[in-house]
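Hi,

Here is the structure I promised to hand over. Have a look at it first, and then read my notes below.

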Amino acid sequence: MLPVDTTQLLKGVLDLAVLAALRDEDGYGYDILRRLRTAGLDEVGDASVYGTLRRLFNGGLLNTYVVPSDEGPHRKYYALNAAGRAELQRSGKVWQGFASTMDDLLRERGTA
Amino acid sequence: MIGTEQYEITNYLHAVRAALGDLPETTRDELLDDLPEHLAEVLAEAGGTLVERLGPPEAYAAELRASIGFVGGFPDPPPPDKLAELRDAVLGRLRVLDVKAGPLFGYERASAFLVLLRPGWWVLRGYLVAMVVAWALDDSGQPMGLLPRIGGSELIALLLIAGAVLGSIWLGRRSFTFTERWPRWALYAGSTVLVLVAIGGFASADSSSRDANYSDVNYDSGPGYGGVQDVFVYDEQGRLVTGARIFDQDGTPIQLGNPYCVEDGSGGYEHSVHMGYPYCPEQAPFRSPAARPDASASPSDERSAPVSPSAAVSSTPVPTPSASRSAPR
């Protein structure tokens, strides 16, 4: 069996993690990466977040707007639109069901 | 410092783009569309160069590639497997045929009926194996019959059949447990060879039993006469008989040899101009002066045989002790 590591698991749920990071507050690329890492997903790379944001935007789940800055470069902010919120809700339920099944399984076997 | 940053971003971007060179251009452009701005944002955060913060551009490109699902470098979808497509098409047709032909045999599927015949095939397979083994081991030079005789022994033939049939049945029952690929394929290959050998064997056995009549009466000369090319008949005087015809007890003409003669000059073959035997009087093994086929033989010449001074043989028997009769050498 393949050893389970966070990088492997992350591939399946990175979309959901990024959507969740934008639930309460819009954010720009590096900002979103920082939120994910603060939340505990230390292994997330910048390229993964950038690529995921591009993909979710192309998929019509995100809106963007540019905020000019006096000190640094302009920042491109991402925000959930209606489709993005619906997707977050749907995928979130799938994940919770999956996670609780795994929890139960691991508890029964006495490995948790 | 903006200039330095811009330079760093351009360099990094260039390296990432190069590492994604195998992607279709539109995909790559779309992917990298926002990257300059993004890299500028990253640089604006405190601390370090792009490489220090993000790692080498190649690693960044690899992560980017993984995030959009392009794990391998496939600009186009992999070419379809023609062989697998063909196999699937053939199998699909066979399945349809299987169902359609089923009612002919009184089953839902024809294969349900064929499966019942399987033990019969095992027995036949055993017999065929015995025949092939006998053919390989037998050096008696006799043509194959219907029993796998070795050295002409029927006992061995029957034992061989019994052993091979039992072995084949045993193998047939065991072959259901073959899960690996190669034993099954070896079995299929062996069966194919057996079937081909069987078709060849039955075809030759069939033609030899069908042709037996034909060749016996007309051409086949029986043992010992296979090498006969011409027939020379001599009368009791030792003279060559020309235009002879020979018949068997039923009045059927016996044909031996073939009516072609070697031409003296060219060495080529020519159809005989003579009716009956011999086809080629010029080739007569024994010459009698009384009936020289090449000396414009006529009844009148017969008495006045040409006398040469050196002739040791004379056509008119002279009762002298020194005279030698013309006789077969």
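B:Asp29 counts as partly exposed, at 34% relative accessibility. For that label, buried is under 20% relative accessible area, exposed is over 50%, and partly exposed is in between (1.4 Å probe, protein chains only). B:Asp29 makes a salt bridge with B:Arg17, and their closest N and O atoms are 3.1 Å apart. By salt bridge I mean a side-chain nitrogen of Lys or Arg within 4 Å of a carboxyl oxygen of Asp or Glu. This pair links distant parts of the chain: B:Arg17 sits in helix α1 (residues 2-19) of chain B and B:Asp29 in helix α2 (residues 25-32) of chain B, 12 residues apart. Helices (H or I, at least four residues) and strands (E, at least two) are DSSP runs, numbered from the N terminus. B:Arg17 is partly exposed too, with a relative accessible area of 30%.

Before you go on, some housekeeping. This is a predicted model, so local features need pLDDT of at least 70 and side-chain atom pairs count only at pLDDT 80 or more, while totals for chains, interfaces and linings use all residues. Residues are numbered from 1 along each chain as its sequence is written, chains are lettered from A and ligands numbered from 1 in the order in which they are written, and side-chain values use heavy atoms, with hydrogens and water left out.

Over all chains, the search finds 17 salt bridges. One of them joins A:Arg107 to A:Asp104, with the closest N and O atoms 3.1 Å apart. Both residues lie in helix α4 (residues 82-109) of chain A, 3 residues apart, which is about one turn of the helix. A:Arg107 is exposed, at 55% relative accessibility, whereas A:Asp104 is partly exposed at 38%.

In chain B, B:Asp88 pairs with B:Arg87, the closest N and O atoms being 3.7 Å apart. B:Asp88 is partly exposed, with a relative accessible area of 44%. There is also a network: salt bridges that share partners join A:Asp31, A:Arg34, A:Arg35, A:Arg75 and B:Glu45.

Where the chains meet

How many salt bridges are there between chain A and chain B? The count is 5. B:Asp34, for example, forms a salt bridge with A:Lys76, and their closest N and O atoms are 2.3 Å apart. There are also 16 residue pairs in polar contact between chain A and chain B, both at pLDDT 80 or more. A polar contact is a pair of N or O atoms within 3.5 Å; within protein, one must be able to donate a hydrogen and the other to accept it, and residues adjacent in sequence count only if both atoms are side-chain atoms.

On the side of chain A that touches chain B, α2 (29-39), α3 and β3 (75-80) of chain A each supply at least two residues. Helix α3(A) gives the most, with 9 residues. The residues on that side divide into 6 nonpolar, 7 polar and 6 charged. Here Ala, Val, Leu, Ile, Met, Phe, Trp, Tyr, Cys and Pro count as nonpolar, Asp, Glu, Lys and Arg as charged, and the others, Gly among them, as polar.

The contact takes 19 residues from chain A and 19 residues from chain B, where contact means heavy atoms within 4.5 Å.

Is A:Ser48 buried or exposed? A:Ser48 is buried, with a relative accessible area of 13%. Leaving aside neighbours within four places in sequence, A:Ser48 is in contact with A:Leu14, B:Glu63 and B:Ser67.

Then find B:Val42, in helix α3 (residues 35-44) of chain B. B:Val42 is buried, at 0% relative accessibility. Not counting residues up to four places away in sequence, B:Val42 touches A:Tyr30, A:Asp46, B:Leu50, B:Arg53 and B:Leu54. B:Val42 and B:Arg53 are 11 residues apart in sequence and 8.3 Å apart in space, C-alpha to C-alpha.

Chain A overall

Chain A has 4 helices and 3 strands, and from the N terminus on they run α-β-α-α-β-β-α. Of its 112 residues, 36% count as buried.

Cheers
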